[in-house]
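Please read the sequence and the model below alongside the text. The paragraphs start from a pocket, then turn to backbone geometry, salt bridges and the surface.

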Amino acid sequence: MGKIIYITGGARSGKSSFAEKLIKERYNSKIYLATAIPFDDEMKDRIEKHKKQRGRDWKTIENYKNLSGILKNHIEGYDVILLDCITNMVTNLMIMENEYDWDKISMKEVDSIREKIIDEINSLIEFIKENDIDMVAVSNEVGLGLVPANPLGRHFRDIGGKINQIMGEASEEAYLVVSGLNIKLK
């Protein structure tokens, strides 16, 4: 019943601003699902700026895992969820949930991590499709840059790219944002 609108683009491209504008034009009751963890002053400042930019008419949920389980208790009376962002969610699921030596990790372990993250995103997609609430999902495009020099970077790019493909396929609408300009992909 719910639909997914997927927004991707580079870092600082205007994805979140575009997502918020789109939501303000189409929806009334809004949930902001924040996946970032404020580790340092820079991230704390960024989060505060995002909160001010959104205004007070959003319900905010901060988490990056078991999202469908958490959301089921919060969607009553809401029209849309803004998931910002998938990239942070993937990073947190890779790093916060595991204590691997990423320089020596086996491909079997990487495959297991990737499958757990795919399961998390598929569960969220299924939750949205089964409920009367839409989701606008924001994610960084991870495939347009150089191949990362270290194993963690390459594994992140590969897992993040796969999650982006799953979200793009599951979406009813998709946009690419570049330099504050959006291009409708589907």
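Which element gives the most to the lining of the largest pocket? Helix α2 does, with 10 residues. This is a predicted model, in which local features need pLDDT of at least 70 and side-chain atom pairs count only at pLDDT 80 or more, while totals for chains, interfaces and linings use all residues. Residues are numbered from 1 along each chain as its sequence is written, and side-chain values use heavy atoms, with hydrogens and water left out.

The largest pocket holds about 820 Å³ of space. Its lining has 34 residues, and R12, R46, H50, D84 and N88 are the closest to the pocket centre. A pocket here is an open set of points on a 1 Å grid over the protein atoms alone, where a 1.4 Å probe fits, with protein on both sides within 12 Å along at least five of seven lines; lining residues have an atom within 4 Å of a point. Points are joined across faces, edges and corners, and the volume is the space filled by probe spheres set on them. At least two lining residues come from each of α1 (15–26), β2 (30–34), α2 (41–54), β3 (58–62), α4 and β5 (134–140). These elements are DSSP runs numbered from the N terminus, helices being H or I with at least four residues and strands E with at least two. By type, the lining divides into 12 nonpolar, 12 polar and 10 charged residues. Nonpolar covers Ala, Val, Leu, Ile, Met, Phe, Trp, Tyr, Cys and Pro, charged covers Asp, Glu, Lys and Arg, and the others, Gly among them, are polar.

Most residues other than glycine have a negative phi, and most peptide bonds are trans. R12, in the loop between β1 (4–9) and α1, has a positive phi of about 60 degrees. R12 counts as exposed because its relative accessibility is 67%; the cut-offs are under 20% for buried, over 50% for exposed and partly exposed in between, with a 1.4 Å probe and protein chains only. The peptide bond from D84 to C85 is cis, with omega near 5 degrees, and C85 sits in the loop between β4 (80–84) and α4. S179 has a positive phi as well, of about 50 degrees, in the loop between β6 (173–178) and β7 (181–184).

R46 leads on to the salt bridges. A salt bridge is a side-chain nitrogen of Lys or Arg within 4 Å of a carboxyl oxygen of Asp or Glu, and the count by this rule is 8. R46 pairs with E42, with 3.7 Å between the closest N and O atoms. The two are about one helical turn apart because they are 4 residues apart in helix α2. K129 and E172 form another salt bridge, at 2.5 Å from N to O. That pair links distant parts of the chain, 43 residues apart, with K129 in helix α5 and E172 in the loop between α6 and β6.

What makes the nonpolar surface patch of about 300 Å²? F39, I95 and M96 make it. Patch residues have over 30% relative accessible area and no salt bridge; like charges are joined within 9 Å and nonpolar side chains (Val, Leu, Ile, Met, Phe, Trp, Tyr) within 5 Å. The areas come from the Shrake-Rupley method with a 1.4 Å probe, and for residues only the protein chains shown count as cover. M96 lies in the loop between α4 (86–95) and α5 (107–130) and is partly exposed, at 39%. N98 lies in the loop between α4 and α5, but is buried at 15%.
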